[in-house]
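Colleague: I'd like to learn how to read charged side chains in a model. Could you walk me through some?

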Amino acid sequence: MGGGHPVIGRISTAVSIAIECGHPKACFLGDVYHTYKGGCAFEGLNLLGPQALQVFHFNDYPADPPRETINDSHRVYPGDGIAPIAEIMQGWLKIGATPVLSLEVFNRDYWKQDAKQVARTGLEKMKSTVKKALG
């Protein structure tokens, strides 16, 4: 299984669907975790451009469990895992893409916390990670 969906689990498949639909506003909805889970190289995102990269789900993943057994519940805040976030974001800038970042985590430990606090923490982690990645 790919990055969460058995058919659309890879960058190449998702982008192909967006291209084949023929809609002028079609784009690729990327995700740090799903790119990793799908076994895709993050460098593949650099073949896209600003129209394709409009929104990106922002999260991170730990070193353990390994990619083969990791699942949605292991997602952590950006910067709290091992994803090459700085390289991903620097790649976007090289191709002129500045996607809107959307925090997406399904970590069950976060479910036990106050929703406002999780949102606050997520926003702080996102800002900190972007600042660290892009200076």
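Modeller: Gladly; we'll go through the salt bridges and then a lysine. Keep in mind that this is a predicted model.

Colleague: What is the general idea, and how many salt bridges does a search of the whole structure find?

Modeller: Side chains of opposite charge can pair when their charged atoms come close. Searching the whole structure here gives 6 salt bridges.

Colleague: Let's take D31. Which residue does D31 form a salt bridge with?

Modeller: Its partner is R75, and the closest N and O atoms of the two are 3.1 Å apart. D31 sits in strand 1 (residues 29–31), while R75 belongs to the loop between strand 2 (55–58) and helix 3 (85–94), so this pair ties together parts that are 44 residues apart in sequence.

Colleague: Are D31 and R75 buried or exposed?

Modeller: Buried means under 20% relative accessible area. D31 has 4% relative accessibility, so it counts as buried. R75, at 1%, counts as buried too.

Colleague: What about D72 and R75?

Modeller: Those two form a salt bridge, with their closest N and O atoms 2.6 Å apart. D72 has 31% relative accessibility and therefore counts as partly exposed.

Colleague: And where does E104 lie?

Modeller: E104 is in the loop between strand 3 (100–103) and helix 4 (108–111); with R75 in the loop between strand 2 and helix 3, the pair ties together parts that are 29 residues apart in sequence. The salt bridge between E104 and R75 has its closest N and O atoms 2.7 Å apart. At 17% relative accessibility, E104 counts as buried. Through shared partners, salt bridges join D31, D72, R75 and E104 into one network.

Colleague: Now for the lysine. Where is K37 found, and how far away is the nearest side chain of opposite charge?

Modeller: K37 is part of helix 2 (residues 32–37). That nearest side chain of opposite charge is E68, 7.6 Å away. A salt bridge needs the nitrogen and the carboxyl oxygen within 4 Å, and K37, although buried, has no salt bridge.

Colleague: Which backbone oxygen does the side chain of K37 reach?

Modeller: The backbone oxygen of I70, at 3.0 Å.

Technical notes: Residues are numbered from 1 along each chain as its sequence is written. This is a predicted model: local features need pLDDT of at least 70, side-chain atom pairs count only at pLDDT 80 or more; totals for chains, interfaces and linings use all residues. Side-chain values use heavy atoms; hydrogens and water are left out. Helices (H or I, at least four residues) and strands (E, at least two) are DSSP runs, numbered from the N terminus. Buried means under 20% relative accessible area, exposed over 50%, partly exposed in between (1.4 Å probe, protein chains only). Lys and Arg count as positive and Asp and Glu as negative; His and the chain ends are not counted. A polar contact is a pair of N or O atoms within 3.5 Å; within protein, one must be able to donate a hydrogen and the other to accept it, and residues adjacent in sequence count only if both atoms are side-chain atoms.
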